[in-house]
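Below is a briefing on one protein model, grouped by topic. Please read it alongside the sequence and the coordinates.

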Amino acid sequence: MHLGSAAVPRTLAGPGADCPRCLFSQGPGKTRYGGPACDGGSGLVCPARPEPLAVIPCVVSQWSVWSGCAEPCKTTYRVRRRHVIQEPRNGGEACPPLEERAGCVEYWTWQGTECKQSLIPALITTGGFGKARKKRATADGNERAGYCVEFQLVAIMPGCLHSHHSYTHWMQYLREGHTVCVECQHPALDSRSLHCYGDGSGSKNNQLLHWQAVGNPRCKGTWKRIRQLDTCSCPSVHSFLFI
């Protein structure tokens, strides 16, 4: 009687078994390679390898529109948000911040009445910004006659001395007791009230008013309004703009 060739017994490969065609690398940040079970010819059958896991990054929505100011009549903030559409999986890129805040000032109450000037800090920046702003106003046809106000600096916070960015160097030259000239021009010139907010109009003589430098929230202080100049002649030194 003819006997067929004996079948080679096949056993499941255990830990450390020699089945090179089935070996695969698995670890943080590495792709897991899959495939069918193999027969290395030694009678060993390796377990089927898992299918590769897709790396899925976080997906977020577009930003919402900016909210209104958190509070009227004071320097505060506005907010915009976005939400997560797809959570990251399998080592995918993490989600970015879901909220952003930006500085904000609202000069009218939620009931539609104008804020009191004494409650509002004047937001100022260097006068060198004025030329570019005037050019834009002329090009847009929005140029309106402005004015200037002279103030005497009374108190200056130490934070003004720590203004290291190129656009904040001017803050380091503020000195208590000096007279400064601040120009009100478009677009800071409000079309309804025809003045810049924080200019101290309506304040009492020698009343302390608040100002804050734009670009460095630690640079702020107080000053007293001296007079308003309908024709601006601010010197190049100690010349500023209402924002």
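Which cysteine forms a disulfide with cysteine 148? The partner is cysteine 232, with the two sulfur atoms 2.1 Å apart; a disulfide here is a pair of cysteine sulfur atoms within 2.5 Å. The model is predicted, so local features need pLDDT of at least 70 and side-chain atom pairs count only at pLDDT 80 or more, while totals for chains, interfaces and linings use all residues. Residues are numbered from 1 along each chain as its sequence is written, and side-chain values use heavy atoms, leaving out hydrogens and water.

**Overall layout**
- The protein has one helix and twelve strands (DSSP runs numbered from the N terminus: H or I of at least four residues for helices, E of at least two for strands).
- From the N terminus, the order of elements is β-β-β-β-β-β-β-α-β-β-β-β-β.
- Of the 243 residues, 32% count as buried (under 20% relative accessible area; exposed is over 50% and partly exposed is in between, with a 1.4 Å probe and protein chains only).
- Contacts (heavy atoms within 4.5 Å) between residues at least 6 apart in sequence join residues at least 24 apart in 70% of cases.

**Disulfides**
- The structure holds four disulfides.
- The link of cysteine 148 and cysteine 232 is right-handed, with 115° about the S-S bond.
- Cysteine 148 is buried at 0% relative accessibility, whereas cysteine 232 is partly exposed at 33%.
- Another disulfide joins cysteine 58 to cysteine 95, with 2.0 Å between the sulfur atoms; the link is right-handed, at 95° about the S-S bond.
- This pair spans 37 residues, from the loop between β2 (44-45) and β3 (59-60) to the loop between β5 (84-86) and β6 (99-105).
- Cysteine 184 and cysteine 196 are also joined, S to S 2.0 Å, and their torsion of about 90° makes the disulfide right-handed.

**Aromatic pairs**
- There are four aromatic pairs (ring centres of Phe, Tyr and Trp, the last by its six-membered ring, within 6.5 Å; planes under 30 degrees apart are stacked, over 60 edge-to-face, the rest tilted).
- Tryptophan 170 and phenylalanine 240 have ring centres 5.3 Å apart and planes at 45°, so the pair is tilted.
- Tryptophan 170 sits in the loop between β8 and β9 and phenylalanine 240 in strand β12 (residues 239-242), 70 residues apart.
- Tryptophan 170 is buried at 13% relative accessible area, as is phenylalanine 240 at 5%.
- The rings of tryptophan 211 and tryptophan 223 are also tilted, with centres 6.0 Å apart and planes at 35°.
- Phe151, Trp211, Trp223 and Phe242 form one aromatic cluster.

**Nonpolar cores**
- The largest nonpolar core has 24 residues, and those touching the most other members are Phe151, Leu174, Val182, Trp211, Trp223 and Phe242 (a core is a set of buried Ala, Val, Leu, Ile, Met, Phe, Trp, Tyr and Cys residues joined through side-chain atoms within 4.5 Å).
- Strand β8 gives the most to this core, with five residues.
- Another core lies apart from it and has seven residues, including Cys73, Tyr107, Trp108 and Ile120.

**Arginine 175**
- Arginine 175 is in the loop between β8 (147-156) and β9 (179-184) and is partly exposed, at 39% relative accessible area.
- Beyond its neighbours within four places in sequence, arginine 175 contacts Leu153 and Ile156.
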